[in-house]
Amino acid sequence: MRKTMVISSLMLALCSLQVRAQAMEVMDTTMSYMDVGALKGGEWVEMESIMEYGGAKQPATKSKTACVKVDGDHVWIETSAADVVTCYQIAKKDRKIVKAWSGKAGEEGKELTVKPAPAPGATPTPTYEMSGTRKVSKEKLTLGGKEFDCEKIDQETTMKMKGIPDTKSKSTMWFSDGYPFKSYVDKDAKEVKDPTKWEGDKPTYPGGMVKMVSEGTGYSMTQQVSGIGTDAKPSLKMK
């Protein structure tokens, strides 16, 4: 069993969604990493991201994900960053987007073109070598006014590429079942070989990621839940 997760920055992922929306098209599998069948109408999460580059702290940015409607066969999820809101109607059976709209909160959303994702090709041979260590522990965090029972993952990695200096990074991630937008578990997916060494137990990646702290050469980043609730309403008007 392998859990399909987004380990990279949630903020970057949401920004990517907004860019696609502004381009007036979206791939039908954009939200397929999410277990939409487990969502309840009204659930929402706000994430805050704080970045530092070259010693200069950047202004904090926030994004929001909200389940604004659930019926028998579909769920409607809104993502918002800055002043752009995108709403996705997603089929529960295959987690694919059926329709999508984008616009500003309180205004009528413009319907986007939903395109089928291209068929996956052969997995390319990596051009780098990755090594490192990881370990798992348990910790409670209070974020956005809610206490989360978390699985904490600490990792240190080194990436080697021909012709450039080794890239070292450190990160800590906290996963919790209390996060409503859970990652989808694909029971038929093949295990991916992990080049890092686990010290002690291996992780289970419960629910979704509620916090991440990472640092590398010239940068540091913190992302965490800054708000959570169950009273989300649609912010886009749709015909």
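Modeller: Tyr128, Met161 and Ile164 form a nonpolar patch on the surface, and together they have about 260 Å² of accessible area. A patch is built from residues with over 30% relative accessible area and no salt bridge, where like charges are joined within 9 Å and nonpolar side chains (Val, Leu, Ile, Met, Phe, Trp, Tyr) within 5 Å. Accessible areas come from the Shrake-Rupley method with a 1.4 Å probe, and for residues only the protein chains shown count as cover.

This is a predicted model, in which local features need pLDDT of at least 70 and side-chain atom pairs count only at pLDDT 80 or more, while totals for chains, interfaces and linings use all residues. Residues are numbered from 1 along each chain as its sequence is written, and side-chain values use heavy atoms, with hydrogens and water left out.

Strands (E, at least two residues) and helices (H or I, at least four) are DSSP runs, numbered from the N terminus. Met161 counts as partly exposed because its relative accessible area is 31%; the scale is buried under 20%, exposed over 50% and partly exposed in between, with a 1.4 Å probe and protein chains only.

Strand β12 also holds Glu147. With a relative accessible area of 52%, Glu147 is exposed. Leaving out residues up to four places away in sequence, Glu147 touches Lys140, Leu141 and Thr142, where a contact means heavy atoms within 4.5 Å. Ser176 is 29 residues from Glu147 in sequence, and their C-alpha atoms are 10.0 Å apart.

Next come the charged pairs. Side chains of opposite charge can pair when their charged atoms come close. A salt bridge here is a side-chain nitrogen of Lys or Arg within 4 Å of a carboxyl oxygen of Asp or Glu, and the whole structure has seven of them. One of these joins Lys138 to Glu151, at 3.9 Å from N to O. Lys138 is in strand β11 (residues 128-143) and Glu151 in strand β12 (residues 146-161), so the pair, 13 residues apart, links distant parts of the chain. Another salt bridge, between Lys140 and Asp149, has an N to O distance of 2.3 Å. Lys160 and Asp166 make a further one, with their closest N and O atoms 2.8 Å apart. Asp166 is partly exposed at 40%, and Lys160 is partly exposed at 39%.

Now the interior. In soluble globular proteins, nonpolar side chains tend to be buried together. A nonpolar core is a set of buried Ala, Val, Leu, Ile, Met, Phe, Trp, Tyr and Cys residues joined through side-chain atoms within 4.5 Å. The largest core has 24 residues, and Ile77, Ile90, Val210 and Val225 touch the most other members. Strands β11 and β12 are among the elements that give two or more residues to this core, along with β3 (44-53), β6 (74-81), β7 (84-91) and β8 (97-103). Beyond four places in sequence, the contacts of Ile90 include Met31, Val36, Ile77 and Arg95.

Arg95 sits in the loop between β7 and β8 and is buried, at 17% relative accessibility. Its phi is near 65°, a positive value in a residue other than glycine. Tyr205 also has a positive phi, about 50°, and is not a glycine. Tyr205 lies in the loop between β15 and β16 and is buried at 16%. Gly200 is in the loop between β15 (197-199) and β16 (208-216), but Gly200 is exposed, at 64%.

As a whole, the chain has one helix and 17 strands. Of its 239 residues, 39% are buried. The chain exposes about 13,800 Å², and carbon and sulfur atoms supply 51% of that area.

Finally, confidence. pLDDT is the predictor's confidence in each residue, from 0 to 100. The chain has a mean of 87, and 89% of its residues reach 70 or more. Strand β5 (residues 61-70) has the highest confidence, at 97, and strand β1 (residues 2-3) the lowest, at a mean of 40. Over residues 1-21 pLDDT stays under 50.
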